[in-house]
Amino acid sequence: MKHKAGLITTYLFSMSLIIILFFLLIGYLLINDEFKKFRKESAETRVRAIESQKALIKNEVERIVDYINYKKSLAEARLRQEVKSRAREAHQIASFIYEQNSDKPLDEIKTLIHDALYAVSWDHGRGYYFAEDMDGTELVNRNNPDLEGVNIFNLQDSNGTYIVREIIAMARSEKGEGFCSYYWNKPGQPGVLVPKISYVKYFQPLDWVIGTGKYLEDEEKTIKGELLAHIKKLNNTTFTFLSVGTLQGRNLMDTTDWNPTLPAPDKPDNLSIKKLINNARSGGGFITDTRPAAEDLPSVTKISYSQAIADWQWYVGAVTDLQDIEESIGLNQLALKEGARKKIIQIALALLFLLICSYIIARLLANKIKKNITLFGDFFHTAATRSTKLNEEEISFVEFNKLAISANAMIEERLNVKQALKESENRFFKVIESAHIPMAITREDGQIEFLNLKFIKTFGYTLEDIPNFDRWSEQAFPDITYRNDAHNAWFKELKKQASGKPFKSDIWNVTCKDGSVREIKFNFTPAGRHGLVSFHDYTEENRIAREKAALEKELYQAQKMKAIGLLAGGVAHDLNNILSGIITYPELLLMRLPPDSNLRQPLTTILKSGQRAADIVSDLLTFARGAAGKKESTDLHKIINEYLNSPEHQKTMREKPKLTLTTNFAENLPNVSGSPIQIRKCLMNLIINSAEEIAENGKIWISTRSLNSDDPHISKLNLEPGEYINLSVKDNGSGIPESDIEHIFEPFYSKKIMGKSGSGLGLAVVWSTMHENGGRVTVHSDNEGSTFDLYFPATREEEKPRPGKVPLLKIKGKQEKILVVDDEILQLEVARHILEELNYQVETVLSGEAAIKWLQEQTAELIILDMVMDPGINGRETFSRIRDLWPQQKTIIVSGFSENEDIEKTLKNGAGAFVKKPYSIEDLGLAVKRELTEKGEKP
């Protein structure tokens, strides 16, 4: 027979073991927590300190580089100021001599002026005065006296510039003075021509031109010397060590005076300097070096940063070390070890004290418990065969006394319970059979004894199908993994229920006999050696709740996007008004400039910048709903191929040469209904986003297919019934964080650098475009990549050909009179310049009321009417009043918004065309020409 331990011994041993394990566990957790906390704080401290040091030295280097660039920018300005001042001093000297000696012969005056100017020099002889007469004869030249008396009118520098001709031309100008730039011999370097800037001033009394000049490289050398001296001083005031050197390896901080003629080594010997130079050549960067430990010095980690001054072939670097950080972490480690040792001693003492107390208490309780147990043992031995009672006076403990009372009552109630139990079982089965929820009665061995009618009707199973719990699980949970999860959850709740806690079940998907799946929550009620299992069906309730939540979420998103869109639309309208001048005036000027004008390039740049800004405004209008563009039948594959062959996409592929892009197009795909421009922009935004997120050698897949609105993939998107085209853009990037998924279609919700990677409107434009065109966009993302699916309404209409560019001559007018109505003076001026350039007579007014008054006195072949005017009546009301008074009046409408309800109604009421601001010359001219000519006639 197996030996059984005594209650007291077990109690004493258990208590001791529990206390020991408890304090060991607490001690371990406390000490381990301290070490984890220390390691975490040490790592975070080290990372923060290193990042802080990096930021500080980078800022220090960038500050020095900015200062150098600033000083460089002042070089030529300072040089110009000096030569201008010197030239005017020479002119004053000549004027003074002339006035003081006006009674002397002219040749003697000329000699006095010559000698006075010739005698003056500065900058160690590099600065001097010169003078020529207006025929080109050199009169004064300290640098090259042999030229005096020689006519150098046809003298050219190495670039072919006629030096003296330019000087004389400047003297003959209206101002009689000014700057000249050319190449000239430098003092001390005969035959070497270097860039020089001179200032000349006409001396009218002698018909001379007097001036002086200075060499750019002298000024640059001076500035370099000043900069090096400034940086050396900074090394005494900053926490880092600053270094400056050439990209060939010479350290410029070791010289007292900067001298560009000193030789530089082909390759620097110091490895750290090599790294600094390489980083500087690469555009700037950090390096980390560790100085090995020496006999009297510990190892030290240093961080350096460098940037290049490319045109000077310099590098600027800064270095700092991390010794203080490591020392601080070392001190923390020592403190932690000492604290852990003290805590271990305290835990050990507390453990010993509790063990002793537990042993004494256990011994005191042992005798009394033993006596009471003996009494109960005798009672149960007797009660097995006949009725008997315990003597309650002999019981020592209240708990045992209650047990004795219960035991005595048990004997009396045994027969009553048997009879009541039989009656109760009969009533119980009747209630279960008629219950309105599925129920089952099980035995503790897992056998199923009873299934009510509601169970059989709900799930389809009978007792023959599921005689036991295991067979039920196999049928209800066909997937073995899901079945194991359900089992584990079931037994976990049974254990909790056995400890007095309520049975709580999650909702599980139960497979019925016919294959359908229902969402069920279980409940278990123990009844002796049986149990009652009830099945609560939440299938329909959850379906309704999910649909309601989805609709509420979509409504909330739409309302939020609409509210932000109203703001975006207003901003875009104002920006379009501002951009009109930026786009139109460069276009007008380019039309008037000759092809070889040096102003064409800057004007083209202004025009392109304005057009790029207009594209961003277009994105704002697209997001604002109502700006998705005009819908038309479009070949989706054609749009995709056009973009993949576009310069924008080729630029993306050049930036990531290892990127792989694969297409998989469905055959015989119908056209889609939408705006080709906006569809192309959606595709571009998605491809660029994927390219930026994936690795260097990542992959992007583009695919298309056709499906109906009842397809499971889109049946929950609340789309109108019909056929849809799916455009899918998939990548193998790192995926989108779950916290970002619900916000990615919101405007300006971007983790990119604003202005560098985009405007923050890309995905917002995609969302708005799809909704405006009657489609939807969805996104799925995990750690294997992201997939964006666009669903476009399909159409069986044929694609219309796109119009080409119209020559300017075909849209010019014949001096027809046009009235322009707009509340913005700038817009009136822009329209006036465009129309006058196109050969029209133009009149302008600032309001709708003014337009009606003007038409009462004069006539116009055409009115150009702004739709949004404030204060006063807007464009729609103005058009309505004009047509009431003059029904045949031709009108076109313009607006900074895209087509909206007002614009659509105005067009239906008879307006000829709509042109969106900022308009180009071609857009406005073509609309005007078409309206003035007969319907259907091409301009």
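Helices (H or I, at least four residues) and strands (E, at least two) are DSSP runs, numbered from the N terminus. With that in hand, here's a quick tour of this chain, which is a predicted model: local features need pLDDT of at least 70, side-chain atom pairs count only at pLDDT 80 or more, and totals for chains, interfaces and linings use all residues. Residues are numbered from 1 along each chain as its sequence is written, and side-chain values use heavy atoms, with hydrogens and water left out.

**The whole chain**

- There are 22 helices and 27 strands in the chain.
- Of its 939 residues, 40% count as buried (buried means under 20% relative accessible area, exposed over 50%, and partly exposed in between, with a 1.4 Å probe and protein chains only).
- The chain's accessible surface comes to about 53800 Å², and 54% of that belongs to carbon and sulfur atoms (areas come from the Shrake-Rupley method with a 1.4 Å probe; for residues, only the protein chains shown count as cover).
- Take the contacts between residues at least 6 apart in sequence: 61% of them join residues at least 24 apart (contact means heavy atoms within 4.5 Å).

**Two helix pairs**

- Two packed helices are described by the angle between their axes and the distance between the axes.
- The axes are lines fitted to C-alpha atoms, for helices over the stretch in contact, and angles run from 0 to 180 degrees between N-to-C directions.
- Start with helix α19 (residues 848–857) and helix α20 (residues 875–885), which pack at about 15° with their axes 9 Å apart.
- That angle makes α19 roughly parallel to α20 (angles under 35 degrees count as roughly parallel, over 145 as roughly antiparallel, 65 to 115 as roughly perpendicular and the rest as oblique).
- The crossing of α19 past α20 is right-handed (a crossing is left-handed if the near helix is turned anticlockwise from the far one by less than a right angle, and right-handed if clockwise).
- On the α19 side the contact is made by Gly848, Ile852 and Leu855, and on the α20 side by Thr878, Arg881, Ile882 and Leu885.
- Sorted by type, the residues in this contact of α19 with α20 are 4 nonpolar, 2 polar and 1 charged (Ala, Val, Leu, Ile, Met, Phe, Trp, Tyr, Cys and Pro count as nonpolar, Asp, Glu, Lys and Arg as charged, and the others, Gly among them, as polar).
- Now for helix α9 (residues 469–476) and α10, which pack at an angle of about 135° with axes 10 Å apart.
- α9 and α10 are therefore oblique to each other, and α9 passes α10 in a right-handed crossing.
- Phe469, Ser473 and Glu474 of α9 meet Arg483, His487 and Trp490 of α10 in this contact.
- The residues of the α9 contact with α10 split into 2 nonpolar, 2 polar and 2 charged.

**Two buried threonines**

- Thr634 sits in strand β16 (residues 632–634), and at 0% relative accessibility Thr634 counts as buried.
- Not counting residues up to four places away in sequence, Thr634 touches Ile639, Asn671, Val672, Gly674, Pro676 and Glu799.
- Thr891 belongs to strand β26 (residues 891–895) and is buried too, with a relative accessible area of 2%.
- Leaving aside neighbours within four places in sequence, Thr891 is in contact with Leu862, Ile863, Leu865, Phe879, Ala911, Gly912, Ala913 and Glu931.

**Spots in the loops**

- Asp506 is in the loop between α10 (480–498) and β13 (507–511), and at 53% relative accessibility Asp506 counts as exposed.
- Setting aside neighbours within four places in sequence, Asp506 is in contact with Ile520, Lys521 and Phe522.
- The C-alpha atoms of Asp506 and Ala489 are separated by 8.3 Å, with the two residues 17 apart along the chain.
- A cis peptide bond, with omega about 0°, joins Asp870 and Pro871; Pro871 is in the loop between β25 (862–866) and α20.
- Asp207 isn't a glycine, yet it has a positive phi of about 60°.
- You'll find Asp207 in the loop between β5 (189–203) and β6 (208–215), partly exposed with a relative accessible area of 35%.
- Asn668 isn't a glycine either, and its phi is positive at about 55°.
- Asn668 lies in the loop between β17 (660–664) and β18 (671–674), and at 76% relative accessibility Asn668 counts as exposed.
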